[in-house]
Amino acid sequence: MSRALLRRAAAAVLAVTRPGACALACVLALALAVPAQAEWLSRTVDGTMGTRIVVELWSEDRAAGERAIDAVMAKMRHIDTNMSTYKPDSEISRVNAHAAEGPVKIDAELFGLLETALEYSRITEGAFDITYASVGFMYDFRAHHRPTEQQIDAALPAVNYHHVLLDRATHTVRFSQPGVRIDLGGIAKGFAVDCGIEILQKRGIKHALVSAGGDSRIIGDRFGKPWIVGIRHPDRKDEVIARLPLVDTAISTSGDYERYYDENGVRYHHIIDPRTGHSASAVRSATVLAPTATRTDGLSKTAFVLGAEEAIRIYEQLGDVDAIIVKPDGKVLYTKGLEPPPPPPANH
Ligand code: ADP
Ligand code: MG
């Protein structure tokens, strides 16, 4: 019996019981009503795709809801296995090892995501570029290691998304020159979140949140109210700069505080400017809202490379994208769709 039916059954027990039997009926009703709260199911898993995966959903049937979460987690593991450059056997590692020698056949999912990644390079005027990895692989932020200027200069010509050649007819990818490497760390989590949401929607789930690190997507509302998502302060982890009430949207935040180290007053962090091979530091954080998490992930790096104003110009042209960007001086910029209302006029 579903939890909702159990709840109705408990109400029926109360309605037909004589006063003398009330205590028993009340206990029974409570016992049946409490698990009904658990219809909001939530699971957090650390480690897949090198981050924290969270799935939260409303299900009429607890077992079906748990199975749906299992399916989402399995999909995330599959994407990780296929698309992680940290795994030497992954499909993407095979591409990096052989695509400069000739065409490498890849599966439809990876092919589709590479096409999408190139589309975001065009949209962001080159700020998003999966070939950043041609230089990016020499950074190790945990070990406080970065390439020398000579190493960057030598590798930089390989950073250019035009070097990635896709052939739809044969489902192959080829690099136009040696030294090119690609990495989907800037879009695979958003894609995985969208895959998770699609799995839930196919199972009839109408209220859910799926998130992978800084990339999240929400369907429906929560207890009849919007979901509240906070954007953290770039320097103060426990402080939020804004709380956004959200329904049916995706949201990604990129920040220079995610993977970094500081040395001699310079922050070296994980978003790389494809033009220079150095960390892209035009802003401190960028939060992007759009219909899908692939889109928000593909767009959330733009402002770091091009600057807040240029990124906002690109987002506003797209029409379905909003953003909140924190500049190095702490100033916060919004796209027009999110601008807070002006303060009321002073009463003098
Ligand atoms: P998260 O990995 O927490 O989702 P982001 O969405 O901000 O963080 O993506 C940062 C990641 O994107 C980096 O760790 C790296 O893998 C990748 N990346 C870095 N620079 C670029 C770039 N210019 N274009 C595309 N991807 C990038
Ligand atoms: Mg991301």
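Helices (H or I, at least four residues) and strands (E, at least two) are taken here as DSSP runs and are numbered from the N terminus. The structure is a predicted model, in which local features need pLDDT of at least 70 and side-chain atom pairs count only at pLDDT 80 or more, while totals for chains, interfaces and linings use all residues. Residues are numbered from 1 along each chain as its sequence is written, and chains are lettered from A and ligands numbered from 1 in the order in which they are written. On this basis the secondary structure of the chain comes to 11 helices and 15 strands.

**Overall burial and contacts**

- Of the 348 residues in the chain, 38% are buried, where a residue is buried if 20 or more other C-beta atoms lie within 10 Å of its own, exposed if 12 or fewer, and partly exposed in between, with C-beta atoms placed from the backbone.
- Among contacts with a separation of 6 or more, 59% join residues 24 or more positions apart, a contact being two residues whose C-beta atoms, placed from the backbone, lie within 7 Å.

- An open sheet is formed by 8 strands in the order 1-2-6-7-10-13-14-15, with antiparallel pairing; two strands pair if DSSP finds at least two bridges between them.
- Strand 1 and strand 15 (332-334) stand at the edges of this sheet with a single partner strand each, so one side of each is left without a neighbour in the sheet.
- The twist from one strand to the next averages 10 degrees.
- Strand 1 and strand 2 run antiparallel and are joined by 7 bridges, with Thr44 standing opposite Val54 in strand 2; the two strands form a hairpin with 5 residues between them, and Gly47 in the turn has a positive phi of about 120 degrees.
- Strand 2 also pairs with strand 6, in the antiparallel sense and over 5 bridges, and there Val55 stands opposite Val210.
- The covered face of strand 2 consists of Ile53, Val55 and Leu57, whereas Arg52, Val54, Glu56 and Trp58 make up the uncovered one.
- Further along the sheet, strand 10 (residues 249-255) and strand 13 (residues 285-290) run antiparallel and are joined by 6 bridges, with Thr253 opposite Thr287 in strand 13.

- Strand 4 pairs with strand 5 (residues 172-175) in the antiparallel sense over 4 bridges, and Leu165 stands opposite Arg174 in strand 5.

**Helix 3 and its surroundings**

- Helix 3 (residues 62-83) has 22 residues and reaches 32 Å from its first C-alpha to its last, close to the 32 Å expected at 1.5 Å a residue, the expected span being 1.5 Å times one less than the number of residues.
- Its buried residues include Gly65, Ala68, Ile69, Val72 and Asp80, and the buried residues of helix 3 pack against elements including strand 1 (40-46), strand 2 (52-58), helix 4 (91-98) and helix 8 (188-202).

**The nonpolar core**

- In the largest nonpolar core, which has 77 residues, Ala303, Ala311, Ala323 and Ile325 touch the most other members; such a core is a set of buried Ala, Val, Leu, Ile, Met, Phe, Trp, Tyr and Cys residues joined through C-beta atoms within 7 Å.
- Helix 8 gives the most to this core, with 7 residues.
- Domain 2 (86-175) and domain 3 (226-348) both give residues to this core, so it lies between them; the domain bounds come from an automatic or database domain assignment.
- Leaving out residues up to four places away in sequence, Ile325 touches Val283, Ala286, Ala303, Ala308, Ala311, Ile312 and Leu333.

**Two loop residues**

- Gly319 is found in the loop between helix 11 and strand 14 and counts as exposed because it has 8 C-beta neighbours inside 10 Å.
- Pro147, in the loop between helix 6 (133-136) and helix 7 (149-155), has 18 C-beta neighbours inside 10 Å and therefore counts as partly exposed.

Definitions and conventions: Axes are lines fitted to C-alpha atoms, for helices over the stretch in contact, and angles run from 0 to 180 degrees between N-to-C directions.
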